[in-house]
Each structure stands twice: as C-alpha cells, then as structure tokens.
Amino acid sequence: MSVKKSSTSDLARAAQEAARRAAEAARKAAELQRKAAELRQQAQTRQAELARKAGTKPTALAVRQTLGGNEYSSGATRSLKARLGLGTPPASSLRTEVLGDGLANCLENAVKLAKPGDQVVLLADRRDGVGHAVVERPDGSIIDPNRPKEPYANLDAYLKEQDRYHSPARVSDVMAERILKTPPGPRRDAMISLAGLDKVASRFVADPAHITAQYTQQARQAATDAQAAWDRTIANGGSELEAARAAAQVLEDAASSKNDPEFRKHVARAAVDLADDIGRAVGSASDGRSGSEALLTTLELASRFAEAGSDEFTQALSTSMAEAMPDREAVAPFRGRAQDALHQVQSFLNRQASDGNTALAAGLASELGRLEKTTTLRGLAPALTDALSEVQGTFDEAQQRYLQAEAQLGVELQRFGPAMSDEEKKAYVEAFWAESENAGIKRDLQTAEAELAETFEATAPALEAAAIAGDRGAAEQLMRSVKGLASSQTHASMALDFVDHIGRTENKALFDALNHDGKLEDTIENDVMAPALGNAQAAALAGGQGDLDALIDKLKLIKTNATNFKRLAGAIGTVTRQYDTVKQLLAAGKTSEEISQALRLEDLTAGWEGKSKFGKALAVFGLVSAMGAAVSADGNLDRLQASLSVVKGGLELTAGVLSALGGAGKLASGTAAATFLSKLAPGVGLVIDSIQLYEDIQKIRDGGNVGDYISAFGTVVNLAGDIAGFVPVVGQLIDGPLTALGSVIQGVGGLVSMTINGNEEARENREEIDARLKAAGLSEAEREILLTERSIDATSIAALGLTGESYLAALEATAPIGSDDAYAIDASQRAWHIAAAYGLQGDDALHFVQDFTERYNNVEGFQTLQLLYPAIERFTMSAAVLAREGHTSQEIAAELGEEFGEMNDQLREILGPIYDEHLGGSARPVPGFYLPQFLNLPD
C-alpha cells in the first residue's frame, strides 16, 4: 500500500509540475505575443514618422533622426530592416543609381570603396542580366565590395575565379562619383554622354537578383528557425544562456551552409531581433562565479556574426550585453580556482581583438563606457589599444617604405632629370612606379592606410570611453593614430573630423582626457592639423571644385564647434573668410587693387620665420585655396596676381604650394580633375613670381644653409616630377626658375647616394634604371652618358644650373672614374671646384670647364696645376667644412677671404686668358653654391 500511495503522490507532483510549466510556457507565449504587438505598433509609428520626415523613401539621415541614439538600448531591436521598410537593394546602373539613398548595392559600395586614382569596373553576367561592380587600384589589383579585405592580384585573376562575369567597362572613381551624385535624368544623361559612357551606362549591376532574393528568404527562415529554437529551449525549462546557444547554433549552421561571407551578412541582418536576446543572456551569464562551455560557445558563435559586417547585429548584441554585464574586476583562475565567467568573456574578446577581430569588443567597450561601467571597460580597453597599435605599426612601416621609394626616385631624378624634358620626366616617374617592387610598396601603403582608417573608425568610440575613464594608454594611442591619419594621402580628412569631434562642447571630458599633459592644443595644431591640411587639400584639388568647397565647409564646422580650443577657431577663421572673400570679389568683378586691399594676404605670411608649423600650413593652405577659388570664378586667376604679389613667404612657402599641387597630381584621376588642375597652372606661375622664387634660390646659393632647407622641405624632393606628372600645359609652368628649384631641391635631397655606382646595391639597380630611362625615351648614347660615374658627382654639376643638352655636355666634359687619363680626371675636378667657388652657372660653368680641361688635361697642364693645388684645396675644403657646419655663403666668404684672395691671385696669374674670359675682372666674386659632395666629408 505504501508503494502505491508513493506512486500516486509522484504522479500528482508530476502533473502539478507539468501544469506549472505549461502555465509558464503560456505566460511566456502571451508575453512574446504582447511584445510582438508592441513592436509592431512601434514599427508602424516609426514608419509613419520616417514617411513624414523622408517621404516615401527613408534615408539614412531620417532613420537616425527618428530612431535616435538610444534605439538599441531600449531592448526593442526586432527586425530593424523590417521596421524601416527597407527592402533588398535593387539592381541599378550609372543612369539610375543614387548615392546615399539607403539602398546601397555593389555599385554604390564600389564607388565608396574607390580612392583617388582607382577605377570602378562594371561587369556583365553570363547567367542573367544583372552584373557586378568592383574596384581596380592603380596597380591593377581588384577589390570586390562584397569581400573588401580579400584583394585579387588583377582583373584576370578575379574573372578566372568569378567566371560568370565578363566584358569589363572602366569608369574613373571621380567620374563615377560625380555621375551618381547628379540626380537621374537629362543632366546625368548629358554627363554620361560627355564622358563617352553611353554604351555601358545602362548596364545593370548589383548582387545577382535571384541570388539576393534567395539569400534574403533563406536568411529570414534561419532567423525564424533560431527564434523557434530559443522558444523551445525556454519552454522546456532551459536557461536564457542555453536558449541563446541553441539559437546561435541554428544561425551558425545556416550561415555555414554556404561558403559565402555575404550570406552570413544576410543572416546577421535578419537576426537583429535575436541579437538583443543573445546579448542579454551572455551579459547576465558573465556575472557567474565560474565560466562555462555554454557561455564560451554562445559568445564565439555570436561574435562571428558581429564580425560579418552587420552593424545592426553588432550594435544590438553589444548594447544588451553591456546592460546586463556587471561592473567589477574579473577574477582570473588561480591555484585550481575555476575561471570567473567575466574573465572568460574578457579573455575571449581580448584574443579576438589581438587577431584583428575588434567588432564585438569595440562595440561592447563603447557601450560599457556609455553606461559608465568603467571597471569592466578597463578589462577590454588594452586589447583594443594593442589592436589599433598593431595596425598603426603596419601603416608606419608601409609609409616609411613608400617615403624611401619616393626619396630614391628623387635621387634618380636629381641625377637624370636635368637631361630630360618634362614629358620624359613624367614617363620616367611612371616607369618607376610600374615596377613590381615599387608598385607593391605603393599598394601596401594604400592597404595600410585603409586598414588604419577602418580600425580607427571601429575602435575609436571604445578607446575614447576608456580614455575618459582614465586609461592613459588608450588616450595616447588615439592621438598616435590621428597623427598617422593626418599624414595619410587619402584619409587626412578623418583627422580633421576627429579635431571637430573633440572640440565640441559635449566632448569636453574627452578633450580633458587627451589633454592630460596640457599640450593637446599644440599637438593638434602642429602634429595633426598642419599635415592634415596639406594632404586633405591635395585630395580635394584632385577631386575638383566641389571637394574643395566641402573641405572649406569642414573647416568652418571645426571653427564653429571648437569650443574646447583656445586658438583654433580664430586661426581657421582667417583662411575660410579669405576663401569666401576671394570667391565673392572675383565673382563681383572687382579689380586687382580692390582684391589686394580686401584680402590682406600679407598678414598670412607676416613674421614667417617665427610661425609655427600650423601657422605655415595655414598660409600655404590659404594661398592654394585662393587659387582654387579663382578657378571656380571662371578662371580669373589673372585678377588674383596683384593680390599675391605682396606675399613674400620664401622658398619654404613655395615648396608647400607646389607640394600641395604635386600631391593633387598624384591623386588625380579623370579628365575633370586634370582640367581643374590645368587651370591652376598659370596660378602656380604667378605664385612663383609673386614670392620672388629666383631670389630665394639665390638665397640658397649665396647665403643659405643647405642643411636647413633639406629639413624644411622634407619629402619635397620630387617637385619637378610631380608637377610634370599632372599639369597638361606643363610647358607654361616648368620655366627656368622652377627647373632651377627642382635642381636645387633634388640636388640637396640626394646627397647620401650616387645611385648607380656608389655601392653594391646601387650597381645591382643599374639595369632597372636603364630600363626606366629607356621608357622615358632617352637614346642609348644619352643613357650611357647618364649612367657613367664621373670624377665629379653629377648632382653637383646639376646644382650649378645645367640642364638639357648642356647637362649632357657637362657630363661628357667630366672624366669618368676609372679612366686611364688621370690628367683629364684631375683637370675636370679642379675646373668644377673653381666654377663652384666663383659661382658660375649654366653654360658659363660648362664653357669654363671645357676650356680649362682641354688646356690642362696633359702632363704639362698637370705640372702647371701643381702650383694651384695648395690654394684650391685649402679654400674648397675649408668652405665645405664651414658649409657643413651651417655657415652661409656670405659667412664663408668673410671667413675665408684671405684664402680666396690667395687662390684668386694665383688663378689670375697662371690661367691668363682663361681667367680673363671666364672669371675676369678685378672684383672678388662671392662664392657660389658649394658642391654637395663636400658635405659628405668624413669627420
């Protein structure tokens, strides 16, 4: 009887438990239905608000305005795309696609990915009428917008793997963006016709329509199945973490069924609703006393979808996870003690970040900062700091290699450039960068720049939160990366955006965190703004007038918002007002005198020597922007000339102006950019005239310290090549003064290398250099002259103003090293030393050397010159030592007056007619530009 009673009691308890669980399941089901109804109501309300704000097609801006910044923190993150009424991005063409309409397909994404100099390639599809758009870099590599981190070596390699595509049609990045920014209709059609794109403008591209529809349907089904797995687990008495693992596993199984990262994105977007629940479950479980396999597995599965590129999924997961997490120190395992759940979560995310997978860690850290859970935040921030630091290191190395290649090109141009025409220089530069190693260097820098920009964008909010919480390492890494972006040719505008960001009133806490040493404003001005202004302006010039206007607008925004800075707003206001004034005055037809009086450009360069790097950068920026404004006013650059004539900032200012234009030339692509830059060509000439460039060059030769100019110009060693490379009407620009400028700058920039025979590595490059010269169009005889090392360094000869045929003749007049004619070697060396000491230039120097060498290249001449050796050696070597120590030519002349006088008297007596013809007169000449090779004397 007791057994029967016990069984009856057990059955009763089981029935009660089943009834309780059924009631609980019914309650949860009712709660789910209520929540779903509530979300539907919210969706309808938001959709109506979107329709009111944005019309029938909701834009990204309208979405942000409606949803606000706290949409995800409410926990109501069900099917975001469904709420907004956004469908699958449709196929479109150059005639129909609209940038920023919220329906981005591969064409829009390709245009966004493309950088200055890239091509957007439209591909037809053999399987249906909808093709694809990819990006082709200048080095030929291909970037698929669906897999931007997996570049292909070239288009052939891409088409071999993606054999459904064919018939590539290329459109420059600049032209593609301008077309898509123009509203569809007659105006866009006219632009397409002018660009010669009628045949491809109607080619539809997007992810193949049937595949996109299929992916969308399958992804929605996967999300439905995952929700069902969650509900079943809860109904069966499982925990939320178990339900999260079950749901995440269903999503993973679905995503893994196709070997296509794009499908994983579809699944992530469809499962935004579940991301909220999964994040809450993981966040709650992280407060446990010990970790678990379920927690780690769920976290790992969820992070794969966060890394897939779905911002909606990542944001929902991060927000709910942060809200549920504790704010405490994680407890590491110790002497057999189980791993704390929070430590398990942080360890996993730190490992992910160290592998470059920062999406979830960055999103979570940002939300923890927003919630002021600073203790937990401190456990994640170092990993993000390290991840950004690693990318920064790669960028620094790539940039260094690129600058070294630029310097090498400069060394080669200073040696060979004086013998080449502008078109030949351009061809030489193109041949240099076409070589596989150099192309790889440029490609590596482009990749590193993009990676730095992407990683910074992903991690900055989290690192900002950590910096505000007192993490000094996060603050310092933020500033290091901003400086790196400022020095980037293609992402300098991001550095300007950051300056705008930290200057705003609402970001005072961040400003203070970054200003821990009290020097932030100086750092921002000289290490961020100064380089960023030049690089951003070069990119804007390459893009045309619209981009230049946008850059000025960005500076105005910084000025308006710079409440945390003391000086920045006023400094920026000067150049933005100047830009607006130039446009207004030119458009109004004002005279040169009126423009000059209104602009007061002389204020920009007043006290030039005492200006900071930022002050000098602003002056250069102001001059170049004024030129751009004049171009926009129907090319009225002539009326700007009188205004610029008052500006005498010196050779450094000129170098900055030409560097900005040269950088624009490197980044320019398409007919429109070339046309815009060509209009500036006369403007460059008038700037050169207005600041008395010739006198500045003489300052180097007659009174300047060469070493100072080397440090001042930095990488402006390729000016002549840069200008020749982008100005279509180059003949109007590269005149005598600019050629001399190129010779001087390139000459002093190449002191450390003789390029061809200076060392074993240089000799190994001889064949490559010969191939570049051949590609530039030089004859075999000319190449042989240039590639033969002479007893006087060719850069020294070029520095005396010899170009073209005179330069080649000067090299031929200089005996080769290794020549059997020791007398000729000795005579030519002495001749060039004397020419430099007396300041002879161009053909005057050449004719002297020719006459001198012809007279003294024999045993009798050698014996005669023995009488001159002591005086010549004493003067030239002493002068070289003084020059290396930083003395000007006038100081050298004053210091060595006695030595020069002794040499002069002996030369007059011994040379006789040669002295009278070439060095003549009784007045003592001022020594000229000293031979660069002398600066390399051993200590």
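1. Asp118 is buried in this predicted model. Its relative accessibility is 1%. The cut-off for buried is under 20%, so Asp118 falls in that class. Its salt-bridge partner is Arg137, with the closest N and O atoms 2.3 Å apart. Asp118 sits in the loop between helix H4 (106–113) and strand E1 (119–125). Arg137 sits in the loop between strand E2 (132–136) and strand E3 (142–144). The pair therefore ties together parts that are 19 residues apart in sequence. Arg137 is buried too, with a relative accessible area of 11%.

2. Next, a pair between two helices. Arg280 and Glu240 meet through their side chains in a salt bridge, 3.3 Å from N to O. Arg280 belongs to helix H11 (residues 272–285) and Glu240 to helix H9 (residues 240–256), so this bridge ties together parts that are 40 residues apart in sequence. Arg280 is partly exposed, at 27% relative accessible area. Glu240 also counts as partly exposed, at 33% relative accessibility.

3. Asp512 and Lys508 form a salt bridge, and their closest N and O atoms are 2.8 Å apart. Both lie in helix H21 (residues 508–514). They are separated by about one helical turn, because they are four residues apart in that helix. Asp512 is partly exposed at 37% relative accessibility. Lys508 is partly exposed as well, at 38% relative accessible area.

4. Some salt bridges share partners: Glu252, Arg264, Glu300 and Arg304 are joined this way into one network. For the model, the salt bridge count comes to 30.

5. Helix H16 (residues 374–416) contains Gln392. Gln392 counts as buried, at 6% relative accessibility. A polar contact of 2.9 Å joins its side chain to that of Ser481. Neighbours within four places in sequence aside, Gln392 is in contact with Leu452, Gln477, Arg480, Ser481 and Gly484.

6. Last, Ala571. This residue lies in helix H24 (residues 568–587). Ala571 counts as partly exposed, at 23% relative accessibility. Buried would need a value under 20%, so Ala571 is placed in the partly exposed class. Setting aside neighbours within four places in sequence, Ala571 touches Phe614 and Leu618. Phe614 is 43 residues from Ala571 along the chain, and their C-alpha atoms are separated by 9.2 Å.

Note on methods: Residues numbered from 1 in each chain as written. Predicted model: local features only at pLDDT ≥ 70, side-chain atom pairs only at ≥ 80, totals over all residues. Heavy atoms only, no water. Buried < 20%, exposed > 50% of the residue type's maximum accessible area, 1.4 Å probe, protein only. Contact = heavy atoms within 4.5 Å. Polar contact = N/O pair within 3.5 Å; in protein donor to acceptor, adjacent residues only side chain to side chain. Salt bridge = Lys/Arg side-chain N within 4 Å of Asp/Glu carboxyl O.
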